[in-house]
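Subject: The structure, and what turned up in it

Hi,

Here is the structure I promised to pass on. Please open it next to this email, and my notes will follow below.

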Amino acid sequence: MLVLVAPGQGAQKPGFLTPWLDLPGVTERLTWWSAVSGLDLIHYGTKADEEEIRDTAVAQPLLVAAGLAAAHALFSEGAEDYRDSLGASAGHSVGEITAAAVAGVLTDEAAMVLVRRRGLAMAEAAAQAETGMAAVLGGEQDDVVAHLTKLGLTPANVNGAGQIVAAGTAEQLAALAEDKPEGVRRVVPLKVAGAFHTDHMAPAVSALETLMEGAPVADSRLPYVSNRDGQVVTSGSEVAQRLVAQVSNPVRWDLCMETFQKLGATAIIEVAPGGTLVGIAKRALPGVKTLALKTPDDLEAARALIAEHAVPVAGTPAE
């Protein structure tokens, strides 16, 4: 059983879209999505520097566009091919929007509208106070969470495999750097603009709730695994509600991986710019084959993995 996953913010690198433009249809799709989102995705994905694409309002649409472009290239026959090949889809943080489009909950265009507004709203919320995030590597999960809570920090991403991302004010993160939880090897500041997936993002939630009231959504056409609690969700309206609430709620990627295991996952492909999620899966899901679809050079291997592992899941919602 094959799971397609999409990365979150921080996965982007300068120029990472350049090789994808050589594939048929990619430039045209990105041009269209640029018009839909009001952002020159081709410029930002090929010519912009690291600082430019670190901007939340740019990074998020860029990541969703890259993930969808890679998915279209991987499944050249389109959405019907997704349903025939995938056992589930999931995304980390903003990657949930990519996963929702793959699952048929959102159209590509709706996904690009949502992610552009999401990025802008989160950037606006982040500008209200000096906040940030840091990866906490090592230690026992319960001990780390308790220590973060003591410092007033939020465990914003519980990723499994000994990785938790803390989020809060600059002062709280400085205190963490000075007072690490027992067993923690390193605390690594992340290149993000604010304390995502915490109460600091409440203003962004309000903005997105208004937007999603009129959004066209459909029920999921394959199991969609939610960041909130790792549960499989098939109702389009519930997926939409979760996408909004997720902005200020922690990402429980550890629970998502537990669900992959329960569903019988035998392989995971991470769409562009992949790498982070398959790295976690290698540690947390031994025996599950993984592939990061970083460039078009990885397509042949990804298609071979699909041919080997694409077995429909019993109970997958029918059209």
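A word on naming: helices (H or I, at least four residues) and strands (E, at least two) are DSSP runs, numbered from the N terminus. This is a predicted model, in which local features need pLDDT of at least 70 and side-chain atom pairs count only at pLDDT 80 or more, while totals for chains, interfaces and linings use all residues. Residues are numbered from 1 along each chain as its sequence is written, and side-chain values use heavy atoms, with hydrogens and water left out.

Let me begin with helix α1. Which residues of α1 are buried? They are Val26, Leu30, Trp33, Ser34 and Ser37. They cover an arc of only 110° around the axis, which puts them on the same side of α1. The arc is that of the directions from the helix axis to the C-beta atoms. As background, an α-helix has 3.6 residues a turn, so residues three or four places apart point the same way. For the burial terms, buried means under 20% relative accessible area, exposed over 50%, and partly exposed in between (1.4 Å probe, protein chains only).

On the face of α1 turned away from the buried side you will find the exposed residues Glu28 and Ala35. The buried residues of α1, for their part, pack against α2, α4 (56–74) and α7 (108–126), where contact means heavy atoms within 4.5 Å. After α1 comes glycine 38, with a positive phi near 75°.

Isoleucine 42 sits in helix α2 (residues 41–46) and counts as partly exposed because its relative accessibility is 22%. Leaving out residues up to four places away in sequence, isoleucine 42 touches Leu21, Thr27, Leu30, Thr31, Ser34 and Lys47. Valine 113 belongs to helix α7 and is also partly exposed, with a relative accessible area of 38%. Valine 113 and valine 36 are 77 residues apart in sequence, yet their C-alpha atoms are 6.5 Å apart in space.

Eight of its eight residues are buried, so α6 is largely enclosed by the rest of the structure. Glycine 104 follows α6 and has a positive phi, near 85°.

Now for some backbone geometry. Most residues other than glycine have a negative phi, and most peptide bonds are trans. Serine 93, in the loop between β2 (88–91) and α6, has a positive phi near 60° and is buried, with a relative accessible area of 11%. Histidine 197 has a positive phi near 60° too; its place is the loop between β6 and α10 (202–212), and it is buried at 2% relative accessible area. Alanine 272 and proline 273 are joined by a cis peptide bond with omega about -5°, and proline 273 lies in the loop between β9 (267–270) and α13.

On a 1 Å grid over the protein atoms alone, a cavity is a set of points where a 1.4 Å probe fits but cannot get out, and a pocket is an open set with protein on both sides within 12 Å along at least five of seven lines; lining residues have an atom within 4 Å of a point. Grid points are joined across faces, edges and corners, and a volume is the space filled by probe spheres set on the points.

How many cavities of 30 Å³ or more does a search of the whole structure find? It finds two. The largest cavity has a volume of about 60 Å³, and its lining includes Glu96, Arg228 and Arg242. The second largest cavity, of about 40 Å³, is lined by Ile97, Leu114, Arg118, Leu208, Leu243, Val244 and Gln246.

The largest pocket has a volume of about 1000 Å³. Of the 43 residues that line the largest pocket, Gln9, Gly10, Ala11, Leu190 and Thr276 are the closest to its centre.

Happy browsing!
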